[in-house]
Amino acid sequence: MTTEIDLAEILGRARAVLPEASAIAMRNFRAAVGSWEKGPGQIVTEADVAIDRLLHERLRRPGEAWLSEETADDRSRLTGRGCWVVDPIDGTRSFAEGKPEFSICIGYLVDQQPVMGIVANPATGETFEAVAGQGAFLNGQLLPRLAEGPIAQPRIAASRTEVRKRPLAWLAPDAVWTMLGSLALKLAFVAAGRFDAYVTLRRTNDWDIAAADVILREVGIRLAEPDGTQVRYDGEQPTHKGLVAAPAGLQRILLDRLAAAFPVR
């Protein structure tokens, strides 16, 4: 699947531009950066736009498709093999509020499958990265594959906004729930073993998850939609109806409880 595409070169391009993108983020973090609403409850800042422009200029080559939260979808991704999937700042609200819970996400798809991903938090200096089949790393240190057995008191990450609007604790009453900003960062923390699961019933987009999905796969975690199907990318609409990320045993429990609460009719 990847023989015609040099993933080491793809990763090298992403690594090369990341310091400059991070510098833009940190110059604007906790500063009087301009922001505006692009939709109900959705904000964007000048930093989002500047980082998106930088990544587009430095990453994309002729013949490669592009999908980003801050760039109009030209739909070239529906016919090409290689596609960059980027979120210049995931967790923009946290970024704008001065919370160090945001990330720069750079992913790459080949034949609609995520094969390279970087999730970097410039505020903490942590960079998660993975290439398909080569393991996942945090600041250069290999992350171990995670055990698949049951977890007595799981640590589950969720969105502050979602928990305010839709309580999720019924899914796992014995769990310890933690609210955090960036979706991609929550997924990366699951891969690193800081949380045992991430759950959302909100709509998500390819750019929110593609980079982190590679990292999860490399530690043995399958990212599923609430109906249990594996996440698929590059659809006509690059959106998903929710996510459950957890080791197999815990994921099965959470998916079964969701199925019981929301049976297919």
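## Basis of the model

The model is predicted: local features need pLDDT of at least 70, side-chain atom pairs count only at pLDDT 80 or more, and totals for chains, interfaces and linings use all residues. Residues are numbered from 1 along each chain as its sequence is written, and side-chain values use heavy atoms, with hydrogens and water left out.

## Overall fold

The protein chain holds 7 helices and 16 strands. Both are DSSP runs numbered from the N terminus: helices are H or I with at least four residues, strands are E with at least two. The radius of gyration is 18 Å, close to the 18 Å from the globule rule for 265 residues, so the chain is as compact as a globular protein of that length. That radius is taken over C-alpha atoms, and the rule is 2.2 Å times the number of residues to the power 0.38. Along the principal axes, the C-alpha atoms fill a box of roughly 45 × 45 × 40 Å.

Of the 265 residues, 53% count as buried. Buried means under 20% relative accessible area, exposed means over 50%, and partly exposed lies in between (1.4 Å probe, protein chains only). Contacts also reach along the sequence. Among those between residues at least 6 apart, 61% join residues at least 24 apart. A contact means heavy atoms within 4.5 Å.

## The seven-stranded sheet

An open sheet of 7 strands runs in the order β3-β4-β5-β6-β7-β8-β9, with mixed pairing. Strands β3 (65–68) and β9 (141–142) stand at the edges; each has a single partner strand, so one side of each lacks a neighbour in the sheet. Two strands pair if DSSP finds at least two bridges between them. Strand β8 (residues 136–138) pairs with β9 in the antiparallel sense, over 2 bridges. In β9, L142 is the bridge partner of F137.

Helix α1 (residues 7–28) packs on the sheet and touches β4 (82–90), β5 (103–110), β6 (113–121) and β7 (126–131). Its direction makes about 25° with that of β6. Helix α2 (residues 46–59) packs on the sheet as well, touching β3, β4 and β5. The direction of α2 makes about 155° with that of β4. Axes are lines fitted to C-alpha atoms, for helices over the stretch in contact; angles run from 0 to 180 degrees between N-to-C directions.

## Aromatic pairs

The structure holds 6 aromatic pairs. In F29 and F102, the ring centres are 5.1 Å apart and the planes stand at 50°, so this pair is tilted. The pair links distant parts of the chain, 73 residues apart. F29 lies in the loop between α1 and β1 (35–39), and F102 in the loop between α3 (92–96) and β5. Rings of Phe, Tyr and Trp (its six-membered ring) pair if their centres lie within 6.5 Å; planes under 30 degrees apart count as stacked, over 60 as edge-to-face and the rest as tilted.

F29 is buried at 10% relative accessible area. F102 is buried at 0%. F29, F95 and F102 form one aromatic cluster.

## Salt bridges

Side chains of opposite charge can pair when their charged atoms come close. The count comes to 13 salt bridges. The rule asks for a side-chain nitrogen of Lys or Arg within 4 Å of a carboxyl oxygen of Asp or Glu. R13 and E9 meet at 2.8 Å, N to O. They sit 4 residues apart in helix α1, about one helical turn. R13 is buried at 10% relative accessibility, whereas E9 is partly exposed at 30%.

E101 and R160 also form a salt bridge, at 2.8 Å, N to O. This pair links distant parts of the chain: E101 in the loop between α3 and β5, R160 in helix α4 (residues 160–165), 59 residues apart. E101 is buried at 15%, and R160 is partly exposed at 26%.

## A buried valine

V219 is found in the loop between α6 and β14 (223–224). At 0% relative accessibility, V219 counts as buried. Leaving out residues up to four places away in sequence, V219 touches A136, L143, P144, R145, L146 and A191.
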